[in-house]
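Please look at the sequence and structure first.

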Amino acid sequence: ASSSEAGGGGGASGGVVATAPVPPTKFAAALQFKQELQTGVALFNLKPKKGLEYLRKTSHVEWSPQGVARFFATTPGLDKTQVGDYMGDMGDFNKEVLYCYVDNLDFSGMHFDDGIRHFLAKFRLPGEAQKIDRMMEKFAARYCQLNPGVFDSADTAYVLAYSLIMLNTDAHSAQIKHKMTVDEFVRNNRGINGSEDLPREFLVTLYDRIVNNEIKMKDDDASAVAGAALGGAAGRRRKEQLYASEVARSVQKSQELFKARANKRVAFYSSEQHAGAVVPMFQQLWMPLLAALGVWLETEDRARREAEAEGTFVAAADVDEGVRSALEGLAHALHLSSVHGLHTEQAAFLAALVKWTALGTGERLRPRHVQGMRVLVAFALTDGNSLGAAWAPVLKCVSELHRLSMQAQKVRSDAEALYAGGDLEARAGDSAAMVQWGRLAAPHIVQQTRLAHPGHPGGSGREDQDAEVEMANAALVHAALSDPDFLT
């Protein structure tokens, strides 16, 4: 029901699964904890102070500079721009959070540009110069503390870090046409190492690493907005480039996630016996499940319609295992949503099943539609006590089944029973009376009257064809309902 990952250890091999029963109260608490965290992250991404206040009240953040810094470093889904703005703020608490955040980073043995990449991995530099200045000063001090001897002082690392940020913008911005050369970069950084020059080889290496591998300031391409705003052929080319870049980045991120999961040797799953544990999982899965089943059924239905049009339709193969499995999936989803009171999900799956029966549509029914009727009636019999307002579409289908069965048996229709003695025929010739009656009668009664009396106003000129389809549907439905195995 709930799962968490644990790092491999103790010689465990890949794919080892550990299971443990979890009391319902513990599962509910874990679910609530996760939902509160997601709510807090969403609030933070809109208004950082409001989000942190909510997370503090729900005990998701230890309210101290160290606790907030740890939250920024370990919580996925945080907006990097908001994190950067918060840590760059002038408030004393914000400054302490920034210092704790940087002090928790390990730059030992890193090349200088790799240190900057690691520093900017979880947030984006804010737009204000004072905020950037304070952040880069702290980064420079921490880098020099962990890598003594690389620079003469922290001031050197601070100036060079600024220079690399400028080079990164210059080299990878589509709006800058004249790019900085390596000689210009070396010249811009003369005398910054305690009035001495840094080795040219060191600066050239930094230049090449930045030019060939952009420092990403955020997950999205920094130039995406500017590129999308371009017009004409250049804008289209830029959009195509951004699209290709985004696809490549998504593939790379997916590969990294798969590799990360593969490296975690033991997957811990909690086994849950409480029926309520299925609700949150079903709420996460029902939309893609409905989409998958719906696409499958529509594809199968389209293929059979095309076969009918080409004259290659085989009635015996109208209901294959794929259709049966898809309908069975709809039935299981309906059962779960009904017994747990998930009305939105119930209505969605019920609408898909009713649509598959094709009852009341006037189209020619086939065995595949009858299979849907079987599933619908069986569902109503087993879960009727949980249907509530969902009985309406079910009863409409049952009523249509009953009407078609009566018609196949030549039993008087509702219209004929209500208006015996020729009154119906008289009404069919009276336009005003037919309009008034049509407002009160069920649609299928009106349709039946039109088929029986093609001369009344509103006739379509296709009465014979419609009547043939109606009789064929009636025969098919009556034969299905007469089958003792209809619900098996």
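## Terms and model

Helices (H or I, at least four residues) and strands (E, at least two) are DSSP runs, numbered from the N terminus. The expected span of a helix is 1.5 Å times one less than its number of residues.

The model is predicted: local features need pLDDT of at least 70, side-chain atom pairs count only at pLDDT 80 or more, and totals for chains, interfaces and linings use all residues. Residues are numbered from 1 along each chain as its sequence is written, and side-chain values use heavy atoms, with hydrogens and water left out.

## Helix α14

Helix α14 covers residues 321-339, 19 residues in total. From first C-alpha to last it reaches 27 Å, close to the 27 Å expected at 1.5 Å a residue. After α14 comes Gly341, which has a positive phi, near 70°.

Which residues of α14 are buried? They are Val323, Ala326, Leu327, Leu330, Ala333, Leu334, Ser337 and Ser338, where buried means under 20% relative accessible area, exposed over 50% and partly exposed in between (1.4 Å probe, protein chains only). These residues lie on the same side of α14, because they cover an arc of only 130° around the axis; the arc is that of the directions from the helix axis to the C-beta atoms. An α-helix has 3.6 residues a turn, so residues three or four places apart point the same way. The cover over the buried residues of α14 includes α13 (278-310), α15 (343-357) and α16 (367-383).

## Ser163

Ser163 sits in helix α8 (residues 154-172). Its relative accessible area is 12%, so Ser163 is buried. Beyond its neighbours within four places in sequence, Ser163 is in contact (heavy atoms within 4.5 Å) with Phe185 and Asn189.

## Nonpolar cores

A nonpolar core is a set of buried Ala, Val, Leu, Ile, Met, Phe, Trp, Tyr and Cys residues joined through side-chain atoms within 4.5 Å. The largest one has 51 residues, of which Phe72, Phe112 and Phe119 touch the most other members. A second, separate core has 38 residues, including Trp356, Val375, Val377 and Ala380.

## The whole chain

The protein chain has 22 helices and three strands. Of its 488 residues, 37% are buried. Among contacts with a separation of 6 or more, 66% are between residues 24 or more positions apart.
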